[in-house]
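Trainee: I am new to this structure. Please pick one part of it, look at it closely, and go on from there to the rest.

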Amino acid sequence: MCEIAEIEQALRRAAPHRLVAVVEEALRDRGVLRVELRMADYGLRTLQLVGDVSGADVSVPIHDSPQGRAFGAQEPHVVREAGALWLHLPVTVRGDRLGVLTAELPPRADVGPLLPALAQLCEALGHEILVAERDTDLYVLARRATRLTLAAEMQWQLLPGRSCARPEFALAAHLEPAYAIFGDNYDWSVSDGRLTLTVTNGMGEGIEAALLTNLAINALRNARRAGLPPADQAALADQAVYAQYRGDAFVSVLLLCFDLATGEVEAVDAGSPRLWRQRGQVVEPVGFEAQLPLGMFEDTVYVPERFSVRPGDRLLFGSDGVYAAVSPAGESYGDRALARALRGTRLLPPTQVPQAVLRELAVHHGGSPLEDDALVVCLDWYGTTSTVAA
């Protein structure tokens with residue numbers, strides 16, 4: 001097999017739509033018969049085939065398939081059956097789970113020596129997929145199990161990813177209904193010593209909600225990239241939304257800036273997204289002073305608040321489609337059921353928590369479709385060596 005560095009160079013030189021073919025060609029001299037790549041769909045329910053592979057299923061379920069085991073556990077999974085050997089490997093970039101690469105080998109092949117190099121190869125492939133998506137729709141198309149609404153298309157293109165991991169934290173998010181979302185959104189940015197996280201909920205439905213949220217997110221990004229503190233980021237975005245809608249539409253935002261070294265958090269609560277904290281066995285809401293949503297009035301002044309996170313803390317953020325969803329008996333999900341869901345998922349990694357909470361939400365709601373789109377963001381805080389010692 002070619003050295004990994006040579007394969008990485010070949011991937012960088014390849015046409016965007018030929019990445020899987022380059023990997024397959026590079027692995028043939030190590031006995032690999034063929035490879036296939038599957039991308040996780042927007043709903044995180046299936047793994048969708050990239051390209052046309054003869055005899056392969058277009059999609060396989062994440063929760064009941066060998067490929068899904070590799071994706072969920074984020075570990076290689078080997079299957080020997082029908083005179084063949086299948087090696088399924090997760091394709092993940094900085095904690096963002098993209099999909100699974102599957103290699104077919106002769107039935108008696110020894111996969112042990114292959115695993116370290118193939119894991120490195122999958123990481124390189126993941127990076128090149130993210131770059132290639134600027135120039136081809138191939139991998140974006142593979143992410144969808146059905147057609148997106150235009151509003152959902154706009155919202156998914158706005159998102160930074162579905163998960164992110166650093167030594168200090170790991171976070172993940174999920175939106176439902178994934179193929180027809182309206183105004184809920186999230187954004188994050190990690191820089192030297194700082195994590196900025198925003199959870200947003202734009203009013204309205206369909207295209208109008210998506211346009212409103214797009215304006216607010218890009219205004220917040222513009223302010224953040226100008227080096228402004230969180231309160232000024234909110235103020236600039238407030239002005240942008242008010243200038244466009246003159247108070248007829250507004251966006252609720254929870255904006256937080258984490259100091260990665262100390263765990264100190266600066267927060268601006270401009271509306272409805274809520275925060276819960278799990279510390280040990282205790283789950284409790286984290287309350288902030290209610291401030292006006294972005295764009296409701298002209299020249300709103302925002303005041304930051306501060307709190308701290310400790311190593312081991314789990315934070316859960318939810319839009320109003322989560323905490324305000326009511327059961328058939330009339331109980332809001334955020335009253336008690338959400339705290340129970342957090343305790344019940346405490347052993348799951350953050351990448352699996354948002355979906356688990358949303359499944360519990362569906363049960364709480366009686367199994368009928370939600371009346372609003374729903375967003376859950378989970379953040380596990382690990383801290384640094386200095387904060388753990390403290």
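Mentor: Start at the surface with Leu150, which is exposed because its relative accessible area is 55%. Exposed means over 50% relative accessible area, buried means under 20%, and partly exposed lies in between, with a 1.4 Å probe and protein chains only. This is a predicted model, in which local features need pLDDT of at least 70 and side-chain atom pairs count only at pLDDT 80 or more, while totals for chains, interfaces and linings use all residues. Residues are numbered from 1 along each chain as its sequence is written, and side-chain values use heavy atoms, with hydrogens and water left out.

Leu150 sits in helix α6 (residues 150-158). Helices (H or I, at least four residues) and strands (E, at least two) are DSSP runs, numbered from the N terminus. With Ile207 and Leu211, Leu150 makes a nonpolar surface patch of about 250 Å². Patch residues have over 30% relative accessible area and no salt bridge; like charges are joined within 9 Å and nonpolar side chains (Val, Leu, Ile, Met, Phe, Trp, Tyr) within 5 Å. The areas come from the Shrake-Rupley method with a 1.4 Å probe, and for residues only the protein chains shown count as cover.

Now turn to Arg221, in helix α7 (residues 206-225). Arg221 counts as buried because its relative accessibility is 12%. Leaving out residues up to four places away in sequence, Arg221 touches Leu158 and Asp187, where contact means heavy atoms within 4.5 Å. Its side chain reaches the backbone oxygen of Leu158 at 2.6 Å and makes a polar contact with the side chain of Asp187 at 2.9 Å. A polar contact is a pair of N or O atoms within 3.5 Å; within protein, one must be able to donate a hydrogen and the other to accept it, and residues adjacent in sequence count only if both atoms are side-chain atoms.

Thr300 is another buried residue, with a relative accessible area of 13%. Thr300 is found in the loop between β14 (282-285) and β15 (305-308). Apart from neighbours within four places in sequence, Thr300 is in contact with Ala235, Asp238 and Leu292. A polar atom of the Thr300 side chain lies 3.4 Å from the backbone oxygen of Phe297.

In the largest nonpolar core, which has 37 residues, Leu11 and Leu37 touch the most other members. Such a core is a set of buried Ala, Val, Leu, Ile, Met, Phe, Trp, Tyr and Cys residues joined through side-chain atoms within 4.5 Å. At least two residues of this core come from each of α1 (4-13), α2 (19-27), β1 (34-40), β5 (84-93), β6 (96-105), α4 (115-132) and α5 (138-142). The most comes from α4, with eight residues. A second, separate core of 36 residues includes Leu159, Ala173, Val199 and Val265.

Helix α2 is mostly covered, with seven of its nine residues buried. These are Leu19, Val20, Val22, Val23, Glu24, Ala26 and Leu27. Among the elements that cover them are α1, β1, β6, α4 and α5.

Side chains of opposite charge can pair when their charged atoms come close. The whole structure holds 16 salt bridges, each a side-chain nitrogen of Lys or Arg within 4 Å of a carboxyl oxygen of Asp or Glu. In one of them, the closest N and O atoms of Arg28 and Glu24 are 3.4 Å apart. Arg28 is partly exposed at 49% relative accessibility, and Glu24 is buried at 17%. Another salt bridge joins Arg314 and Asp380, with closest N and O atoms 2.6 Å apart. Arg314 lies in strand β16 (residues 314-318) and Asp380 in strand β17 (residues 374-381), so this pair ties together parts that are 66 residues apart in sequence. Both Arg314 and Asp380 are buried. Salt bridges with shared partners also join Arg34, Glu36, Arg38 and Glu104 into one network. Of these, Glu104 lies in strand β6 and counts as buried because its relative accessibility is 14%.
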